[in-house]
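Here is a short report on one protein chain. Look at the sequence and the model first, then read on.

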Amino acid sequence: MLQLPHFTCCFLLLLLPLITCSNSKLTTVYDVLRAHGLPMGLLPKGVVDFEVDDAGRFTAHLDQACNAKFESELHYDRNVSGTLSFGRIGSLSGISAQELFLWFPVKGIRIDVPSSGIIYFDVGVVYKQFSLSLFETPPDCTAASGSFEAIGTVSKSKSGKLRSKLNYELGGRYFG
Ligand SMILES: *[C@@H]1O[C@H](CO)[C@@H](O)[C@H](O)[C@H]1NC(C)=O
């Protein structure tokens, strides 16, 4: 039977932490999503950095604020943060979903465990449902132009102004 010399074993044991260390550095935010049973495509391409702590609180930094097209459109701020648990992201900030020309902040995302093939976006009053298969891979994300304000982040009177501004712009385009 083959017997490794004693020093080889010691050498390997010394090497082990180094290997696991360098592995954890290679982990991407997409791996972290998958480890929580969530699809990688919830975050777009262009994540340059991310942090996650033991409680699952994470922040992902994108190279730019951008929009990605699914069934509807999603807007990503430069910093997206939330709390991960299995099949769920809570306390989400930095993602908004478009509905009838208005943007609503997505406050949470969850899937059924075991999976039903549906993913739910909590946009405040309702859960928007999408097919899970839409989020299999990180989407391309195109730079969001100008300043951006989601409806839930502005006061009532201000969102009224935003709405009339939208109407004005749409009207302008229509008549222009
Ligand atoms: C995004 O995160 C970076 C690094 O933590 C921070 O410096 C920056 O101010 C944040 N940007 C916004 C818009 O919150």
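Predicted model: local features only at pLDDT ≥ 70, side-chain atom pairs only at ≥ 80, totals over all residues.

Along S7, Ile109 and Ile111 point to one face and are buried.

**Partners of S7**

Strand S5 covers residues 88-99 and runs antiparallel to S7, with two bridges joining them. Strand S8 also runs antiparallel to S7, and here four bridges make the link. The table gives one facing pair for each pairing.

| Strand paired with S7 | Bridges | Facing residues |
|---|---|---|
| S5 | two bridges | Ile89 opposite Ile109 |
| S8 | four bridges | Arg110 opposite Tyr120 |

What does Ile109 touch, leaving aside its neighbours within four places in sequence? The contacts are Leu42, Ile89, Leu92, Ile119, Tyr120 and Phe121. Ile89 is also the residue that stands opposite Ile109.

Ile109 belongs to the largest nonpolar core, which has 30 residues. Leu43, Tyr76, Val106 and Ile109 have the most contacts inside this core. Helix H2 (29-35) gives two or more residues to it, and so do strands S2 (57-62), S3 (66-69), S4 (73-85), S5, S6 (102-105), S7 and S8.

S7 and S8 form a hairpin with six residues between the strands. Gly117 in this hairpin takes a positive phi near 85°.

Val113 sits in the loop between S7 (108-111) and S8 (118-122). Is Val113 buried or exposed? Val113 has 10 other C-beta atoms within 10 Å, so it counts as exposed. The cut-off for exposed is 12 or fewer.

Val113 still has contacts beyond four places in sequence: Gly37, Phe86 and Gly87. Take Gly87. It is 26 residues from Val113 in sequence, but the two C-alpha atoms are 6.8 Å apart in space.

**The whole chain**

The protein chain has three helices and ten strands. From the N terminus, the order is α-α-β-β-β-β-β-β-β-β-β-β-α. The chain has 176 residues, and 24% of them count as buried.

How much of the contact count comes from residues 24 or more positions apart? Among contacts with a separation of 6 or more, the share is 43%.

How values were computed
Residues numbered from 1 in each chain as written. Buried ≥ 20, exposed ≤ 12 C-beta atoms within 10 Å, placed from the backbone. Contact = placed C-beta atoms within 7 Å. Pairing = 2+ DSSP bridges. Core = buried A, V, L, I, M, F, W, Y, C linked by C-beta atoms within 7 Å.
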